[in-house]
Amino acid sequence: MYNLTSAVLASVLLVLSCSLIQTSLQQVTTDYWNQFVASRHHSNFVVYVWASWCRSCTETLVDLVEIQKNYEAKGLHFVYLSLDDGQDGQAVRQAQQWLEEANIKKEKYLLKGEFTKKMEMLDIERIPSFLVYHNKGTRLAKFSNNGVFLDDLRSVLEAVAEKRKPIKH
């Protein structure tokens, strides 16, 4: 009786922990993602495209938290889009752990599909990347990690927050 109860309890805990991961880091299809971007008429927003296995991606999370604090107050919203393999439970847990350690609590997605197809669909060459969108779903700028991209990102975010037209990157 004890062994059966322990096994059932372990199974329930495993299912609950997987459910928590999925609700914390929502796995979405490319169709869902495209609809999501097109439907964001109420705000300007920044998408951080990253993966848990990418060292510069996880290092940038720390800086991004500060940037997010500064610009959310100015009406910009931040969305986190992981390109980790959604079929790899360890990768999903690692992505969730990085987000938790950076204290990122909302708008966290994991894009399903094959890595290179996701990169093509997002029209990016490498990660980490930032995609800045106007409140009509139009992409204003994209940045990839090239050493100075956080300064470039800040200047574009400042222009968007002040309702000026940013220089396209």
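Modeller: Please keep in mind throughout that the model before us is predicted.

Colleague: Where in helix 3 is the kink centred?

Modeller: The kink is centred on Val-62 and amounts to about 35°.

Colleague: Which residues of helix 3 are buried, and what covers them?

Modeller: First, the general idea. An α-helix has 3.6 residues a turn, so residues three or four places apart point the same way. In helix 3, the buried residues include Cys-57, Thr-58, Leu-61, Leu-64, Val-65, Gln-68 and Tyr-71. Their cover includes strand 2 (44-50), strand 3 (76-82), helix 4 (89-101), strand 5 (129-133) and helix 6 (149-161).

Colleague: Why does Tyr-71 count as buried?

Modeller: A residue is called buried when its relative accessible area is under 20%. Tyr-71 has 6% relative accessibility and therefore counts as buried. Leaving aside neighbours within four places in sequence, Tyr-71 is in contact with Leu-76, Phe-78, Arg-154, Leu-157 and Glu-158. Tyr-71 and Leu-157 are 86 residues apart in sequence, yet their C-alpha atoms are 7.4 Å apart in space.

Colleague: Which cysteines form a disulfide?

Modeller: A disulfide is a covalent bond between the sulfur atoms of two cysteines. Here Cys-54 and Cys-57 form one, with their sulfur atoms 2.5 Å apart. Both Cys-54 and Cys-57 are buried.

Colleague: Is the disulfide of Cys-54 and Cys-57 right-handed or left-handed?

Modeller: The torsion about its S-S bond is about 80°, so this disulfide is right-handed.

Colleague: Which residues touch the most other members of the largest nonpolar core?

Modeller: They are Trp-33 and Val-132, in a core of 51 residues. Helix 6 supplies the largest share of this core, with 7 residues. Beyond its neighbours within four places in sequence, Val-132 is in contact with several residues, among them Phe-45, Val-46, Leu-140, Phe-143, Leu-153, Val-156 and Val-160.

Colleague: Let us turn to the backbone. What should I look for there?

Modeller: Most residues other than glycine have a negative phi, and most peptide bonds are trans. In this model, a cis peptide bond joins Ile-127 and Pro-128, with omega about 0°. Pro-128 lies in the loop between helix 5 (115-122) and strand 5.

Colleague: Where does Asp-123 lie, and what is its phi?

Modeller: Asp-123 is in the loop between helix 5 and strand 5, and its phi is positive, near 60°. With a relative accessibility of 43%, Asp-123 counts as partly exposed. Asn-103 has a positive phi too, near 65°, and is placed in the loop between helix 4 and strand 4 (108-111).

Methods
Residues are numbered from 1 along each chain as its sequence is written. This is a predicted model: local features need pLDDT of at least 70, side-chain atom pairs count only at pLDDT 80 or more; totals for chains, interfaces and linings use all residues. Side-chain values use heavy atoms; hydrogens and water are left out. The bend at a residue is the angle between axes fitted to the seven residues ending there and the seven starting there. Helices (H or I, at least four residues) and strands (E, at least two) are DSSP runs, numbered from the N terminus. Buried means under 20% relative accessible area, exposed over 50%, partly exposed in between (1.4 Å probe, protein chains only). Contact means heavy atoms within 4.5 Å. A disulfide is a pair of cysteine sulfur atoms within 2.5 Å. A nonpolar core is a set of buried Ala, Val, Leu, Ile, Met, Phe, Trp, Tyr and Cys residues joined through side-chain atoms within 4.5 Å.
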